[in-house]
Amino acid sequence: MVKPLENLHCATLELVRSTPIKQRLISAARHLTPLVEDQLPSETRGSFTQLMRALAGVQPQRGEDAVVASVRKMSNQQADDCAALIVEIFGTLCRAEPVAQRPQTTVSNIVQLLDRPSEEFQVPVLSAAN
């Protein structure tokens with residue numbers, strides 16, 4: 001079963017990589033295509049529909065799919081706007097999802113900075129000499 005929160009989380013993670021925005025957007029879209037509008041809360045459905053139209057609105061050429069064709073035709077600003085919409089939908093979904101249904105983070109996944117010696121985090125003072 002497709003879980004919208006997990007898919008949007010994965011899509012959002014794709015957006016923070018160091019590759020060009022269009023490449024990141026194509027990778028993020030791969031996580032979104034299995035989602036169905038009805039699986040999402042009503043407050044995100046309009047944005048999701050708008051996003052999916054933008055990501056699949058161009059007729060593909062031979063050897064590419066609609067997502068690749070659509071992103072290829074976008075300006076960088078349009079790609080940025082789509083990426084921002086993905087993050088916005090994910091944020092709305094996070095706020096709407098009951099805490100009990102979210103995947104639990106285990107203690108072993110959390111980095112404990114407080115247990116480290118304070119000298120490990122000290123930074124030498126820099127001074128400018130004229």
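Leucine 32 touches Asn7, Leu8, Ala11, Phe48, Leu51, Met52, Leu55 and Ile86, leaving aside residues up to four places away in sequence. Touching, or contact, means heavy atoms within 4.5 Å. This is a predicted model: local features need pLDDT of at least 70, side-chain atom pairs count only at pLDDT 80 or more, and totals for chains, interfaces and linings use all residues. Residues are numbered from 1 along each chain as its sequence is written, and side-chain values use heavy atoms, with hydrogens and water left out.

**The core**

The largest nonpolar core has 27 residues. Such a core is a set of buried Ala, Val, Leu, Ile, Met, Phe, Trp, Tyr and Cys residues joined through side-chain atoms within 4.5 Å. Buried means under 20% relative accessible area, exposed means over 50%, and partly exposed lies in between (1.4 Å probe, protein chains only). Leu8, Leu25, Leu32, Leu51, Leu55 and Ile86 touch the most other members. Helices α1 (4-15), α2 (21-32), α3 (42-56), α4 (66-73) and α5 (76-96) each give at least two residues to this core. The largest share, eight residues, comes from α5. Helices (H or I, at least four residues) and strands (E, at least two) are DSSP runs, numbered from the N terminus.

**Helix α3**

The buried residues of α3 are Thr44, Ser47, Phe48, Thr49, Leu51, Met52 and Leu55. These buried residues pack against α2, α4 and α5.

**Salt bridges**

A salt bridge is a side-chain nitrogen of Lys or Arg within 4 Å of a carboxyl oxygen of Asp or Glu. The count comes to four.

| Pair | N to O distance |
|---|---|
| Lysine 3 and glutamate 6 | 3.9 Å |
| Arginine 30 and aspartate 65 | 2.9 Å |
| Arginine 72 and glutamate 64 | 2.6 Å |

Aspartate 65 and arginine 30 link distant parts of the chain, 35 residues apart. Aspartate 65 sits in the loop between α3 and α4, and arginine 30 in helix α2. Aspartate 65 is partly exposed at 32% relative accessibility. Arginine 30 is partly exposed too, at 38%. Lysine 3 has a relative accessible area of 44%, and glutamate 6 has 39%. Arginine 72 counts as partly exposed at 36%.
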